[in-house]
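Let's take a friendly walk through this structure together. Keep the picture open and look for each part as it comes up.

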Amino acid sequence: MRILIADDHPIVRHGLKQVLAADPSSVVVGEATNGDEALEMARKLEWDMAIFDFSMPGRSGLDLLGDIKKEFPGRPVLILSMHSEDVHGSRVLRAGGAGYITKESAPQELTTAVRKVANGGKYVSSSLAEILASECSSDPQKALHEKLSDREYRVMWLLATGKQISEIAKEMGLSPSTVSTYRTRILRKLGLSSNAALVHYAVRHQLVG
Amino acid sequence: MSDLAQVAGVERAAHVAPQGGEAEGGAPGLAKAKILLVDDEPKSLFALQQLLATLEQNLMIAQSGEEALRLALKNDFAVILLDVRMPGIDGFETARLIRARDRSKSTPIIFLTAAADEMTSMFRGYEVGAVDYLMKPVVPEVLKSKVAVFVELFRKSERLRESEDKLRRLAAHLISVREEERAHIAREIHDELGQVLTGLKMEVSWLAKRLKDKPLIEKTDSMCAMIDSTVQTVRKIATGLRPEMLDDMGLVAAVGWQAKEFQKRTGIRCRAKLPAETKFDIDVSTTMFRIFQEILTNVARHSRATRVDIELTLGAEQIGLEVSDNGVGIQDNELHARKSLGLLGMQERALLFGGDVRISGSPGHGTRVSVTIPLSRKPK
């Protein structure tokens with residue numbers, strides 16, 4: 001597996017090579033320090049896969065990805081980024097990227113991703129998969145929390161962030177008994193039985209942050 | 001001259017040198033105020049000029065209503081002295097026409113009239129915008145002090161306008177400096193600090209793979225976890241200063257992202273109606289984005305809303321943003337009290353680009369904020 005890497009930070013390139021070296025079947029054939037250089041190397045060198053930083057000086061991000069995909073449509077490009085997955089993740093995949101990995105998870109995920117992508121697949125980390133799932137959970141199977149009314153949703157959120165009934169009542173200008181009624185209705189609608197389950201639900205669906 | 005000093009204001013009079021009264025009119029650094037004298041008789045004009053010469057202002061003369069109108073079109077006068085009886089357009093008509101123009105709609109006019117003209121004409125004069133009347137023959141001291149009052153008034157409003165303008169420019173400057181600084185710090189933190197942490201993580205991971213000793217592996221694992229959480233913090237700080245989305249993907253994406261973040265952070269449901277993602281002028285985008293953030297901050301702080309509806313529209317000539325919530329509704333007195341610097345800040349930011357912020361609310365029916373910013377105009 002001949003790999004082209006591009007990152008403007010020497011320390012990251014060094015780290016990447018170290019991580020990739022763990023797999024003897026892969027070899028780094030080119031190291032670009034910015035987007036334009038990456039494109040140039042892609043044209044000159046023989047390579048099977050590219051690993052690019054999302055933000056580099058000059059051409060970068062989705063623009064660079066688009067250019068590479070246009071000239072080398074069949075070859076996988078993995079995008080590494082300092083930005084979290086919810087910012088660029090799904091855009092990168094839609095633009096033809098073979099995978100999106102945040103830099104801090106590179107040591108654990110990069111070799112798996114490289115192997116996966118080399119066989120023509122796409123690499124999606126578990127946290128990105130959650131985001132993608134929530135993005136396409138549109139009408140047909142509406143997420144349960146989408147069925148809550150606006151007020152129920154807010155009460156649910158306040159409960160999920162650990163607020164007491166009395167605090168919620170004060171915050172929302174309602175009586176505590178009304179809030180309790182809301183709580184019962186929310187738990188029923190979400191099919192849950194306790195506050196703990198509610199917290200778990202909210203975290204799993206990334207409703208709290 | 002000493003009576004003039006009194007008129008000009010105690011403050012100023014205190015600085016007048018005892019022997020020289022000239023200081024009043026020609027204070028250093030101040031342009032002379034323009035005074036227009038209108039009379040069809042050259043003799044009267046000459047007399048007025050002589051009388052007012054001691055004020056050391058810029059005296060302009062006109063011998064007819066037409067001439068006066070022409071001059072009023074091109075100049076801002078501190079005061080106009082207008083003879084009532086003139087052939088052609090008389091004084092009243094001239095005054096009416098002068099006051100009808102936007103530029104001169106509040107220019108003070110003093111009518112000069114022969115005593116024989118009596119009360120009826122005086123009333124007519126006030127109707128067309130006279131601020132005062134002087135009977136001919138004019139008493140020199142009275143004329144001079146009246147004119148001096150208007151000169152002073154003119155100067156004061158000029159100074160007020162200047163300082164308003166200065167404050168506005170200063171505010172604009174501060175806004176752009178702060179924005180640049182935030183962008184710079186965000187980039188430094190995110191790129192430099194973030195990348196080094198990434199490198200560090202890779203080094204520690206490399207080390208971890210070569211360790212056999214269980215306690216040592218536990219140490220490197222906890223180091224990795226610490227680095228991860230530090231990266232998260234760095235990311236949070238950088239995004240808080242300036243979301244990278246705005247620069248990478250443009251306003252539309254940034255608004256969508258911010259709306260989602262807001263919902264996650266407050267539990268207030270956000271529904272955003274957004275146009276297709278495009279990028280346009282980054283300064284306009286930044287302005288709109290910051291205003292949007294301020295609106296959301298206000299929603300979270302004051303509204304008790306459970307829902308926010310956002311609509312961003314992208315026209316050929318302007319971008320529009322509508323944010324409405326279902327909260328308690330901003331009260332008119334809150335709006336007018338202008339206590340909220342946040343609201344003022346939004347307005348100033350929009351104004352900088354020739355834009356506009358409108359806020360309306362009614363108790364129990366939520367608050368609605370509409371922002372429009374033209375795309376073509378760059379700030380002054």
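## Starting from one valine

This is a predicted model. Leaving out residues up to four places away in sequence, B:Val255 touches B:Ala272, B:Leu274, B:Phe289, B:Phe292, B:Ile310 and B:Leu312.

## The nonpolar cores

B:Val255 belongs to the largest nonpolar core, which has 37 residues. Along with B:Ala254, B:Met288, B:Ile291, B:Phe292 and B:Val371, B:Val255 touches the most other members. Several elements of chain B give two or more residues to this core, including helix H10 (251–266), strand E7 (307–314) and strand E10 (367–374). Which element gives the largest share? That is H11(B), with eight residues.

Another core, of 35 residues, lies apart from this one; among its members are A:Ala6, A:Leu16, A:Val117 and B:Met202. In soluble globular proteins, nonpolar side chains tend to be buried together.

## One side of a helix

Now find helix H5 of chain B, residues 91–100. Its buried residues are B:Gly91, B:Phe92, B:Thr94, B:Ala95 and B:Ile98. Why are they on the same side of H5(B)? Because the arc they cover around the axis is only 160 degrees.

## Where the chains meet

The contact between the chains takes 27 residues from chain A and 29 residues from chain B. On the chain A side, helix H1 (10–21), helix H5 (106–118) and helix H7 (150–160) each supply at least two residues. Sorted by class, that side has 13 nonpolar, nine polar and five charged residues.

## Two domains in chain A

Chain A is split into domain 1 (2–136) and domain 2 (140–204). Their C-alpha centres are 40 Å apart.

Terms used
Residues are numbered from 1 along each chain as its sequence is written. Chains are lettered from A and ligands numbered from 1 in the order in which they are written. This is a predicted model: local features need pLDDT of at least 70, side-chain atom pairs count only at pLDDT 80 or more; totals for chains, interfaces and linings use all residues. A residue is buried if 20 or more other C-beta atoms lie within 10 Å of its own, exposed if 12 or fewer, and partly exposed in between; C-beta atoms are placed from the backbone. Helices (H or I, at least four residues) and strands (E, at least two) are DSSP runs, numbered from the N terminus. The arc is that of the directions from the helix axis to the C-beta atoms. Domain bounds come from an automatic or database domain assignment. Two residues are in contact if their C-beta atoms, placed from the backbone, lie within 7 Å. Ala, Val, Leu, Ile, Met, Phe, Trp, Tyr, Cys and Pro count as nonpolar, Asp, Glu, Lys and Arg as charged, and the others, Gly among them, as polar. A nonpolar core is a set of buried Ala, Val, Leu, Ile, Met, Phe, Trp, Tyr and Cys residues joined through C-beta atoms within 7 Å.
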